[in-house]
Amino acid sequence: MLFDERPKDRKEDLFDREREVEEIINNIKRPLLLISGVRRIGKTSVLLVSLNEAKENYILIDCRKLKENYGRKELYSLFSEALSSKISYLKDVLEKVKGISIAGNYVEIKWGGKNYISLSSLFDELNKKRLIIAIDEAQRLRGPLSKEIKDAIAHAYDYDRNLTFILTGSEVGLLHELIDVENENSPVYGRYYLEITLDRFNKERSREFLQRGFQEISIKVEDKIIEEIVNYFDGIPGWLTFAGNEYATKGKIEEVKKTAVKVAKGELENLIEEKTKKVSYITGKRYRNALKCIAKGENSWSKLLSCMEKEEGSTISTSVLDNIIQNLEKMSIIKDYEFLDPVYKEASKLL
Ligand code: ADP
Ligand code: MG
């Protein structure tokens with residue numbers, strides 16, 4: 001079902017993306033692959049379908065569960081969960097490892113004290129069998145442990161021939177910063193990776209997606225409505241799915257848009273709150289103002305500066321503004337003073 005809101009994991013349910021899935025399968029033996037693209041573009045779906053089509057054993061680490069400034073305990077518990085889900089395949093390897101204990105179907109990894117196992121050693125152990133380690137929303141690994149994670153991935157890249165890492169990321173600049181192969185000081189320096197970038201659907205594909213989705217749930221929808229959804233949601237499959245579902249239950253296009261904007265606004269509020277908590281109240285407020293000003297169409301450095309200064313009622317230094325712009329770009333929220341997601345733009349007007 002196209003309008004199922006969970007990430008797709010079966011080829012039959014994935015619309016388009018044949019080329020991307022094929023490229024991943026053809027390169028599945030490489031040490032490191034990246035799948036990048038904005039939120040809701042279909043990264044997790046393409047990842048899962050490719051893994052299932054490749055008929056490979058994999059574990060999936062879902063980094064959305066990590067808070068900023070997460071610790072080793074939280075990271076290892078993600079690995080525990082992922083390894084537990086593949087226990088029948090990995091049991092013979094894992095039961096011999098010091099620092100790992102298996103209770104029923106649950107794999108426990110020691111994250112501190114005596115017998116603690118490092119990530120690199122864990123990868124070396126896992127390398128005894130062919131395994132794909134998929135890390136979803138990997139940019140969230142940034143933080144105090146990122147050096148160690150990079151070291152471990154670099155080590156596995158060089159020595160663990162049975163392992164493949166596939167990383168996805170919605171915040172593309174931050175993902176690249178994590179896998180910083182061009183930086184001489186980075187542990188992964190100089191290593192090659194294949195990057196698959198997911199683009200939005202064009203109008204024709206978006207239309208087809210919606211038509212097929214509505215057909216599957218036996219709902220007749222006028223062309224005019226389809227057109228309106230296509231134009232508003234700009235080819236982002238996750239929004240098309242959302243809109244299809246909402247329209248099927250509510251039957252009013254204006255309601256559908258409103259609900260989508262509310263969802264997006266919640267996500268932006270979270271971002272602002274993270275900045276407030278991690279940096280300062282004033283930083284959070286400045287991100288809010290920057291988003292509001294860009295949504296109003298302040299599409300140059302100087303226009304944005306003057307709009308933000310007006311909002312705040314004080315002057316703002318160049319470096320502060322540069323920093324905010326760079327970060328919003330790295331988070332794939334804006335590019336060249338424009339929003340990458342039209343729903344985020346509408347939501348920002350309401351901040
Ligand atoms: P991402 O991981 O990039 O945020 P997801 O894979 O979670 O995106 O997809 C977001 C939503 O859109 C999900 O509901 C998913 O089912 C749907 N979706 C994305 N791409 C496709 C596609 N090619 N065909 C069908 N549904 C898709
Ligand atoms: Mg995802």
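Student: Why is α2 said to be largely enclosed by the rest of the structure?

Tutor: In this predicted model, 9 of the 12 residues of α2 are buried, so the helix is largely enclosed by the rest of the structure. A residue is buried if 20 or more other C-beta atoms lie within 10 Å of its own, exposed if 12 or fewer, and partly exposed in between, with C-beta atoms placed from the backbone. The buried residues of α2 are K43, T44, S45, V46, L47, L48, V49, S50 and L51. Local features of this predicted model need pLDDT of at least 70, side-chain atom pairs count only at pLDDT 80 or more, and totals for chains, interfaces and linings use all residues. Residues are numbered from 1 along each chain as its sequence is written, while chains are lettered from A and ligands numbered from 1 in the order in which they are written.

Student: Which elements do the buried residues of α2 pack against?

Tutor: They pack against α1 (18-26), β1 (32-36), β2 (58-62), β5 (131-136) and β6 (163-169). Helices (H or I, at least four residues) and strands (E, at least two) are DSSP runs, numbered from the N terminus. Two residues are in contact if their C-beta atoms, placed from the backbone, lie within 7 Å.

Student: What is the reach of α2 set against?

Tutor: Helix α2 (residues 43-54) reaches 16 Å from its first C-alpha to its last, close to the 16 Å expected. The expected span is 1.5 Å times one less than the number of residues, and α2 has 12 residues.

Student: What makes I236 a buried residue?

Tutor: I236 has 23 other C-beta atoms within 10 Å and is therefore buried. I236 sits in the loop between α9 and α10. Leaving out residues up to four places away in sequence, I236 touches V38, R40, I41, R200 and D341. The C-alpha atoms of I236 and R40 are separated by 6.5 Å, although these residues are 196 residues apart along the chain.

Student: Which residues come nearest to ligand 1?

Tutor: Of the 22 residues around ligand 1, G42, T44, S45, P237 and G238 come nearest; a residue is near a molecule or strand if its C-beta atom, placed from the backbone, lies within 6 Å of it. α2 and α10 each supply at least two residues of this shell.

Student: How do the residues of that shell around ligand 1 divide?

Tutor: They divide into 6 nonpolar, 7 polar and 9 charged. Ala, Val, Leu, Ile, Met, Phe, Trp, Tyr, Cys and Pro count as nonpolar, Asp, Glu, Lys and Arg as charged, and the others, Gly among them, as polar.
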